[in-house]
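Please study the sequence and the structure shown here, and then read the points grouped by topic.

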Amino acid sequence: MPTLYQTFLKHDIGHLRIVADLWGLELESQDLDSAAEELSASLLDLEAVTETIDILSPEARAALDAILAGNGKMEWAAFTRAHGDIRGMGAAKRDRERPHLKPSSPAEHLFYRGLLAKAFFDSSKGSQEFAYIPDDLLEVIEMLAAEETDDPQPSAAPRGEPIGRPATPVEKAFEIPATDHILDDATTHLAALRIGDESKAHLKHGLQELLTASNLIKKDTLQPEAVKAFLGASRVEALNILYKAWFESNIFDELRLIPGIICEGEWSNQPQVTREFLMNLVNDIPQDKWWSLPAFLRDIKTKYPDFQRPAGDYDSWFIKRESDGQYLRGFAYWDQVDGALVKYFIQTLHWLGKVDLASPEEGKEFTAFRVNGLKVEGLKVEGKIIVSSNGRITISRFFSRAVRYQLARFCEWDEEKGGEYIYHVSAQSLKHANEQGLKAEQLLALLVKYTNGNVPPALVKALKRWDTNGIEARVESLLLLRVTKPEIMEEIRKSKAGKYLGEVLSPTAVIVKSGAIQKVMAELAELGLLAEVKE
């Protein structure tokens with residue numbers, strides 16, 4: 001950070017005379033450079049610094065302590081929200097109104113005493129404006145603080161101490177343990193994309209984005225080698241693949257995935273930088289201890305409100321509430337945007353098996369979390385696959401995900417029940433598989449291999465006949481025209497209605513072509529025949 005001398009060079013000599021006067025000094029130099037050098041040397045006197053700090057108002061001392069807690073600097077937007085701003089005025093207006101005699105805020109109180117300055121510095125969020133204490137003056141103040149506490153270390157914010165507090169019994173009443181179900185959801189989603197039926201995809205919020213961040217999907221297209229490696233990995237390894245990809249990703253953007261809000265415009269944020277900051281806060285929380293979400297959010301809002309906002313800017317991001325279109329601009333909407341992001345971040349950690357959640361009662365929003373992580377090493381990974389003679393296949397979620405992915409390409413999908421996925425083989429599913437270049441004999445080989453040959457003979461026969469003969473039986477829903485006498489049927493077939501009739505089933509029954517029922521009814525009326533329609 002700049003020194004006192006460098007800081008004073010940014011002001012006019014009138015400002016330096018004000019600082020000197022408030023320190024009880026007389027400035028003899030007449031030019032800015034000499035005056036800056038003279039005043040800087042005087043302000044670094046240990047006794048003078050002690051006296052000046054001792055007579056600060058409580059509010060000004062609190063503002064100074066806030067900057068000290070940040071090792072001598074603090075984001076300007078956050079500082080002014082807590083300790084007020086500095087009125088902008090030129091030299092003439094300043095000399096006329098003399099704001100240093102009646103400062104409007106603790107910030108002004110420090111500013112006109114040379115204890116506070118502001119400048120732009122590089123940060124993890126880019127160039128940002130900071131409140132700061134000049135570097136050489138900071139050393140003197142920290143030396144005084146160390147002497148007061150007999151502590152050789154400078155007075156600074158404690159590092160590694162968790163923010164928030166432990167959860168109350170009510171906040172952690174209903175526990176929601178972490179699971180690794182995301183692996184099963186991902187397998188389902190990938191299989192749906194593979195067969196080209198997105199209606200079957202698992203619609204968990206953010207899953208498509210996570211799989212894209214993991215390089216399993218690129219522009220809605222599966223990446224075969226990456227998918228093969230993911231499905232073939234153990235559950236522990238696969239979970240780590242997703243977690244690592246999420247944590248390091250710049251394209252997975254929690255802010256744009258928060259339910260209930262819509263981000264508009266061309267502005268950009270830094271999701272990976274924000275994620276790393278929040279993870280550091282989470283990592284400070286004791287392992288296996290339930291922690292209060294409301295208290296965690298409150299302390300972030302108090303201590304690190306601008307954790308995702310470059311330069312504390314709450315106006316340039318166009319974010320609106322989905323329910324009513326209300327734009328959520330300004331610090332007043334911190335809870336609805338920034339607070340909601342923190343909650344979504346913790347929810348994502350739960351989704352990835354890293355934290356448990358808890359709520360006051362079942363069905364309520366979570367109010368506590370526990371940094372625990374899923375003990376995937378202890379999960380049973382054995383599963384089984386059961387094949388019935390009618391073509392029904394039941395496969396445990398703990399069975400090989402690669403096998404389930406392959407089976408899904410040959411079958412119709414039924415509902416998942418109790419951790420088991422249910423499929424069934426049908427003529428339609430085999431026809432669809434054939435269109436993708438798959439054969440029924442491949443399905444049979446897959447089933448034989450993973451059931452140790454325990455495939456019902458009826459299904460073996462059906463799959464072999466399918467490869468040889470294709471569809472040998474068909475069940476259809478047809479419209480049937482039935483009359484009481486063969487002569488009436490003959491009359492109808494010779495009329496204009498005849499072109500709408502299909503296969504003759506008997507002297508008094510014929511199939512009506514698809515979509516032609518109304519035309520047939522009209523032609524029958526022309527013949528003087530009033531027909532009834534039975535469902």
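Isoleucine 53 belongs to helix 4, which covers residues 46-54. The model described here is a predicted one. The points below begin with this residue and then turn to the cores, a helix, the salt bridges and a sheet.

- Isoleucine 53 counts as buried, because its relative accessibility is 8% and buried means under 20% relative accessible area.
- Leaving aside its neighbours within four places in sequence, isoleucine 53 has contacts with Arg61, Leu64 and Ile141.
- From C-alpha to C-alpha, isoleucine 53 and leucine 110 are 9.7 Å apart in space, while 57 residues separate them in sequence.

**Nonpolar cores**

- In soluble globular proteins, nonpolar side chains tend to be buried together.
- The largest nonpolar core in this model consists of 90 residues, and Leu190, Phe296 and Ile346 have the most contacts inside it.
- Helix 16 (residues 334-351) supplies the largest share of this core, namely 10 residues.
- Which residues does phenylalanine 296 touch, leaving aside its neighbours within four places in sequence? They are Ile163, Gly164, Leu281, Val282, Ile285, Trp291, Val342, Ile346 and Phe369.

**Helix 2**

- Helix 2 spans residues 13-22, and its buried residues include Gly14, His15, Leu16, Ile18, Val19 and Ala20.
- Among the elements that cover these buried residues are helix 1 (4-8), helix 3 (32-43), helix 7 (91-97) and helix 8 (106-111).
- At the start of helix 2, aspartate 12 places a side-chain oxygen within 2.8 Å of the backbone nitrogen of glycine 14.
- Just after helix 2 comes glycine 24, whose phi is positive, at about 75°.

**Threonine 187 in helix 10**

- Threonine 187 is part of helix 10, which runs over residues 181-195.
- Is threonine 187 buried or exposed? Threonine 187 counts as buried because its relative accessibility is 1%.
- Its contacts, leaving aside neighbours within four places in sequence, are with Leu231, Arg401, Arg404 and Tyr405.

**Salt bridges**

- The whole structure contains 22 salt bridges.
- One of them joins aspartate 180 to arginine 397, with 3.1 Å between the closest N and O atoms.
- Aspartate 180 lies in the loop between strand 4 (174-176) and helix 10, and arginine 397 lies in the loop between strand 13 (392-396) and helix 17 (401-408), so this pair ties together parts that are 217 residues apart in sequence.
- Both aspartate 180 and arginine 397 are buried.
- Another salt bridge links arginine 321 with aspartate 324, where the closest N and O atoms are 3.0 Å apart.
- Arginine 321 is partly exposed, with a relative accessible area of 26%.
- Glutamate 365 and lysine 343 also form a salt bridge, the closest N and O atoms being 3.1 Å apart.
- Why does this pair tie together parts that are 22 residues apart in sequence? Glutamate 365 is in the loop between strand 10 (355-359) and strand 11 (368-371), whereas lysine 343 is in helix 16.
- Glutamate 365 is exposed, with a relative accessible area of 59%, whereas lysine 343 is partly exposed at 26%.
- Through shared partners, salt bridges connect Asp180, Asp184, Arg235 and Arg397 in one network.

**A sheet and the helix across it**

- Strands of a sheet pair through backbone hydrogen bonds, either parallel or antiparallel.
- In this model, 3 strands make an open sheet in the order 1-3-2, with antiparallel pairing.
- Strand 1 (73-75) and strand 2 (117-123) are the edge strands, as each pairs on one side only.
- On average, neighbouring strands of this sheet are turned by 45° against each other, direction ignored.
- Strand 1 and strand 3 (residues 126-132) run antiparallel and are joined by 3 bridges.
- Opposite glutamate 75 stands phenylalanine 130, which is in strand 3.
- Helix 6 (residues 76-83) lies across strand 1, strand 2 and strand 3, and runs at about 90° to strand 1.

How values were computed:
Residues are numbered from 1 along each chain as its sequence is written. This is a predicted model: local features need pLDDT of at least 70, side-chain atom pairs count only at pLDDT 80 or more; totals for chains, interfaces and linings use all residues. Side-chain values use heavy atoms; hydrogens and water are left out. A nonpolar core is a set of buried Ala, Val, Leu, Ile, Met, Phe, Trp, Tyr and Cys residues joined through side-chain atoms within 4.5 Å. Buried means under 20% relative accessible area, exposed over 50%, partly exposed in between (1.4 Å probe, protein chains only). Helices (H or I, at least four residues) and strands (E, at least two) are DSSP runs, numbered from the N terminus. Contact means heavy atoms within 4.5 Å. A polar contact is a pair of N or O atoms within 3.5 Å; within protein, one must be able to donate a hydrogen and the other to accept it, and residues adjacent in sequence count only if both atoms are side-chain atoms. A salt bridge is a side-chain nitrogen of Lys or Arg within 4 Å of a carboxyl oxygen of Asp or Glu. Two strands pair if DSSP finds at least two bridges between them. Axes are lines fitted to C-alpha atoms, for helices over the stretch in contact, and angles run from 0 to 180 degrees between N-to-C directions.
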